[in-house]
Structure formats: structure tokens, C-alpha cells
Amino acid sequence: MTVAVLIVNWNGGPLLRQCLESLERQRRRPDHIIVVDNGSGDDSLRLAENALREVQLIRLSTNVGFARANNIAAEAAGRFDAFALLNPDAFAEPEWLDALVKAADREPTVAAFASQMLLASEPKYLDGAGDSYHVSGRAWRNGHRVCAAQWPAANSEVFAPCAAAALYHRHAFNEVDGFDEQYFCYFEDVDLGFRLRLRGYRCLYVHSAVVRHVSSAVGGYRSNFAVYHGERNAVWTFFKDMPGPLLWLYLPQHLALNVAALLYYPWRGQGRVVFRAKLDALRGLPSVLRRRRLVQRTRRANAWTLRRALRRGVAAPYVARYSSPLGRI
């Protein structure tokens, strides 16, 4: 298997250099590295100058978003068997890529592979171990801020990987047309994972593929930018990807989730942001529903089989932190 590592940088500062240096220490070296710079206005490329010497650098004049930038990188890496995505604020442990590639070799029917992400500031805690998706339309990182030593030390099935550190088979990525560029950023990896599942693919969390993640170093934790895109894109994902029988069954929970967001974020001083996100989500629904027709027409997975991969329980979206794996593979 040949693997290209894809990194999208936007004002990453010194983090980009650290990320690239972590790739130099990999036991299994990448076959190729592509950095797409999303119109950065800082000195991140200058700071990483030495580490960029053997890297394919694609400079964009403006910030086109995480989704489109990764699609550009994937197109440039079209001759490789797999893409390993790594955020500039994620620093890979030496066994990271080797563990992902070995897992992909053992499980050729699995399309996507999630990493064990530790908090860079407190590495004894998880930042995430793959993503869960709830029937209401909410997604979260499994095990966020759970002590890593308490997490099951085994590979297991999860709904989708967090694209901050993930591996995708090229054929599966291309089959579903990669990331949805209308999302710009946030939730685009959950949407991609959902569309892969609709085609019958699965996702595997690889416990020994470890990165240390600064987390929201660029977008900002709970920033207005993150809240807007996350809340808007969550609506689009539910209406685009949820199969018809499940959409109607769980629509009341989705509506309740959105009402809860409209009530919760004003309490945090972000009422205008979440209102604009939901309004723009509604404005974008005609385009989303047109794309839904294609997504559902090409679906191979049975709706009720897919349901087993979704988190359930009316209270789960509001108390989620620890989510056990879906099952070992």
C-alpha cells in the first residue's frame, strides 16, 4: 500500500513545523507528503521552511476551507492507494502511520481508519477515539477528556474518524466524491464517514495509531466560527445523509436538538451566532436536498443495518462524553 499524507494549513504558526517533524520520525515513512496552504497570512510556511524541502506544497491565494483544500490535495495524490490526513496541530507518534497502514492491510473492506488522539497539553487524557453519531444528528468524539489508560486497548468499530488524524482508502474516498465542499469546515468528516457507511463501508479505530492533538488551535475552541459551522453543518448532514425511514423516525429528536441549541448558546453569549447558523442551514436546504437524492440513490446499506451504527437514547446527545466502541473487529 502506498500512502500520501495530506496536511491543510491555515495560519498554523509553529505548529506546522512540529507536525512535519513528527512525520520525519515515522517508522513507516510516508510515500509522499502534500501541504495545502489555505492562503495563510502568518509565518507558518517560513517557520517550516526546512521541513518543507521534500514536501509538495500547494499554495492557495485564499482560504477555500478545510473540505475543498483536502479535495485538492487528494486530487494531487491520485496515484497513491490511501490518504492519511493530519492537521498541522496534530503531532504523530513514530508508530502512527505504520499502525494505520497495517490495519488497512488487514481490513481491506474497511474504508476509513481513526487514530487515538491525545490532548497535547495533557497527554494522559484522550482528545478522541473516533467519532459517534446520534440519531438526533449530533456527533461527538468518543472518550473526549477520558483518561487514556481507562480506554479499551483494542481496535474497534466507530461511526467515523476525526479527520484531524485519519486514513482513507483512495477508491472509497473517490467513490463518494470526497468531502462536501459546501461545508467549508467542521462536521465535514462526519458527513464523509456517513456517506461511506451508506455505501456499505465501515470505520475502524486503531488504538496504536497515536497522535497528540492541540485541538482547535486554529479554529478556536467554542469560537463563533466553530459554533456557526458546526451547528449549520449538523442540520445539513441529518437531512442529506439520514435514510428516509430513519429521518422520519428521528426527526422529532433532531428538531428538539436544534431547539436546545437555540436555547443553550444565548446563555453562552452566542445567541446571534447560533440563530444565524440555523437560518443559513434552512436557506441551504434546497441545495442539500438535491444532493440528498444522489446520496440516497447510490446507497447500498440497509437503513436498519445502518441504525446499529448510530447512538440512541433521548438523553444521550446532552450528556455524551464516554461512548464505548461499537464492537471489536
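**Figure 1. Overall architecture of the predicted model.** Of the contacts in the protein with a separation of 6 or more, 79% join residues 24 or more positions apart, a contact being heavy atoms within 4.5 Å. The structure is a predicted model, in which local features need pLDDT of at least 70, side-chain atom pairs count only at pLDDT 80 or more, and totals for chains, interfaces and linings use all residues. Residues are numbered from 1 along each chain as its sequence is written, and side-chain values use heavy atoms, with hydrogens and water left out. The protein contains 11 helices and 13 strands; these are DSSP runs numbered from the N terminus, with helices being H or I of at least four residues and strands E of at least two. Along the principal axes, the C-alpha atoms fill a box of roughly 55 × 40 × 40 Å.

Figure 2. Buried residues make up 59% of the 329 residues, where buried means under 20% relative accessible area, exposed over 50% and partly exposed in between (1.4 Å probe, protein chains only). The protein exposes about 14,000 Å², of which carbon and sulfur atoms supply 52%. Accessible areas come from the Shrake-Rupley method with a 1.4 Å probe, and for residues only the protein chains shown count as cover. There are 43 positive and 30 negative side chains, and the centres of the two sets lie 8 Å apart. Lys and Arg count as positive and Asp and Glu as negative, whereas His and the chain ends are not counted. The place of a charge is taken as NZ of Lys, CZ of Arg, CG of Asp or CD of Glu.

**Figure 3. Helix α3 and residue N71.** Helix α3 comprises residues 66–76 and includes N71. Eight of its 11 residues are buried, so α3 is largely enclosed by the rest of the structure. The buried residues are F66, A67, A69, N70, N71, I72, A73 and A74. They pack against β1, β2 (32–38), β3 (56–60), β4 (82–86), α5 and α6. N71 itself has a relative accessibility of 13% and counts as buried. Neighbours within four places in sequence aside, N71 is in contact with F173, D177, G178, F179 and E181.

**Figure 4. Helix α6 and the segment that follows.** In α6, 11 of the 11 residues are buried, so this helix is largely enclosed by the rest of the structure. Among them are E188, D189, R195 and R197. Just after α6, G200 takes a positive phi of about 100°. Y201 is located in the loop between α6 and β12 (202–213) and counts as buried at 13% relative accessibility. The side chain of Y201 makes a polar contact with the side chain of E175 (2.6 Å). A polar contact is a pair of N or O atoms within 3.5 Å; within protein, one must be able to donate a hydrogen and the other to accept it, and residues adjacent in sequence count only if both atoms are side-chain atoms. Residues up to four places away in sequence not counted, Y201 touches T109, A111, H171, A172, E175, L196 and R300. Y201 and V110 are 91 residues apart in sequence, yet their C-alpha atoms are 5.8 Å apart in space.

**Figure 5. Residue S136 in the loop between β8 and β9.** S136 is found between β8 (131–133) and β9 (139–141). With a relative accessible area of 1%, S136 is buried. Its side chain makes a polar contact of 2.8 Å with the side chain of H134. Beyond four places in sequence, S136 is in contact with F238, Q253, H254, L257 and P317.

Figure 6. Most residues other than glycine have a negative phi. N11, in the loop between β1 (3–9) and α1 (15–24), has a positive phi of about 55°. N11 is partly exposed, with a relative accessible area of 28%. Y186 also has a positive phi, near 70°, and lies in the loop between α5 (170–175) and α6 (188–198). At 26% relative accessibility, Y186 counts as partly exposed.
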